[in-house]
Structures are given as C-alpha cells and as structure tokens.
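This briefing concerns a protein structure and is arranged by topic. Please consult the sequence and model shown here alongside the text.

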Amino acid sequence: MQKNCIILASGNGSNALNLIGKFYGRKNNGSSSINIVAVVSNVPNAPVVEKVRKNEPELPVFVIPFTHLSERDRFERELDDIIGKYNIDFIILAGFMRILSKEFVSKFSRKIINIHPSLLPAFKGRDSIKRAYGYGVKYTGVTVHYVTPEVDSGEIICQEVVKIEDNDDIDSLEAKVHSIEHKIYPIALKSIIGDVVYKS
Ligand code: GRF
C-alpha cells in the first residue's frame, strides 16, 4: 500500500526536488510505496516554491508563512488541515528551517523525518557544514533521523560519512555533503516506509 508523504521545505529545495523526482506519484506510476502528494513551505519567496511549481505544476504547493514563533500555532493548524485532507502518512522535512512544537511532533511521533548535514550528534543546529569545516574535523557526513521535540536528537535512521580532504574548501565540502544527501535520503525513506534495507 502506498504511503502519502508531504514535504516541508524552507529554502533552496534540492532535496525536495530530488525526492519529488523519485517519489511523486505521477512519475512512479504506483511502483513505489512512497507517494509525495504535496509540498509546504513556510517562506513565500523560497526558491523551492518556484522550482516545484515550475517542475511539477500539478503537485500542490502550499505556502504558510511562519517566521516568528507567534506564527507557529497558525502554521501547525493549517498544516494539520492539509495533512487530514491529503491523508498524509509521513511528513518529510527537507531543509525546513523552523522548529515544530512539542505537541505537533508528539502527535506525529515516528511519522516526521529529517535530514541533517552532519554526523549527529555532532554539529546540531544551523550551519552544520560550515561549523564542521571551521572546526577542522576530518570526517563529517549526513544523518537521516526521526524528529522528536528536542532538535536534531531523534533516533537515527541512517548516516553516511563524508571525508574532508586537505584540498576541500567550504564550497566543495557543501557540494559533497549535498550529493550524499541526495543519495541517502531516498534510500532512508524507502527503508522505513518501503521495502528496502539500508546498508551503509
Ligand atoms: C540540507 O543540507 C539539509 O540537510 C538541511 O538543509 C539543507 C537543505 O538544502 N536540513 P536544500 O534546500 O534541500 O537544497
């Protein structure tokens, strides 16, 4: 049985576009157990909004502004309505830069998944790639994990290591990390929603 998934994104949208390319229903012809049925952004002018609308005009994209904490209740109420309307099974965070409330996260326990550009628990929070590079670690990576009320702390679903070479700069490192994200996020999602066993 297919599982309906909604993507939440705030920024550039490379992970969102990658997942849509693999799991948007119209494309996978029902062959995948994952079906992306809608996208929500909290940032009206985020590149992800325009990119998804341009690439997949029939995929519903909702913009629910949420910058300040005072907007969170309304954001979550509207998101909850969309989740109900589209019978959503899983909520996939792909560069979603806001913290969801404890109540919301608890309501969807083990149904919200996030990707983080470091080897958690190292470099939680923002600018993880830059901070790892600045710290001088020799290895960083990517983590896919369940979302819990404590930020970047939920159970780890999978991780992959990225080696920082002497000749890497921040741009080359970011490119390496993103390319691993695009590789492992679909596999991680299939491993929990579909029928694939993840092997690192
Ligand atoms: C990614 O590095 C992801 O791990 C982090 O936010 C970034 C989003 O990039 N949570 P994009 O918008 O998917 O290009």
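The model is predicted: local features need pLDDT of at least 70, side-chain atom pairs count only at pLDDT 80 or more, and totals for chains, interfaces and linings use all residues. Residues are numbered from 1 along each chain as its sequence is written, and side-chain values use heavy atoms, with hydrogens and water left out.

**Domains and their interface**

- The protein chain comprises domain 1 (1-108) and domain 2 (114-200), with bounds from an automatic or database domain assignment.
- The centres of domain 1 and domain 2, taken over C-alpha atoms, lie 20 Å apart.
- To the contact (heavy atoms within 4.5 Å), domain 1 contributes 19 residues and domain 2 contributes 16 residues.
- About 1,600 Å² is buried between domain 1 and domain 2, with carbon and sulfur atoms giving 71%; buried area is the accessible area (1.4 Å probe) that two parts lose on being put together, summed over both.
- Within domain 1, the most area is lost to domain 2 by Asn15, Leu93 and Val105, together 29% of what that side buries.
- Between the domains there are zero salt bridges, but five residue pairs are in polar contact, both residues at pLDDT 80 or more.
- A polar contact is a pair of N or O atoms within 3.5 Å; within protein, one must be able to donate a hydrogen and the other to accept it, and residues adjacent in sequence count only if both atoms are side-chain atoms.

**Thr143**

- Thr143 belongs to strand β6 (residues 139-146), where strands (E, at least two residues) and helices (H or I, at least four) are DSSP runs numbered from the N terminus.
- Thr143 is buried, at 0% relative accessibility; buried means under 20% relative accessible area, exposed over 50%, and partly exposed in between (1.4 Å probe, protein chains only).
- The Thr143 side chain reaches the backbone oxygen of Ser118 at 2.7 Å and makes a polar contact with the side chain of Gln159 at 2.9 Å.

**Salt bridges**

- The whole structure holds eight salt bridges, each a side-chain nitrogen of Lys or Arg within 4 Å of a carboxyl oxygen of Asp or Glu.
- Lys130 pairs with Glu174, with the closest N and O atoms 3.8 Å apart; this links helix α6 (residues 128-135) to helix α7 (residues 170-193) across 44 residues.
- Lys176 forms a salt bridge with Asp168 at 2.5 Å between the closest N and O atoms; Lys176 is partly exposed at 26%, whereas Asp168 is buried at 10%.
- Glu71, Arg74 and Glu78 are joined in a network of salt bridges.
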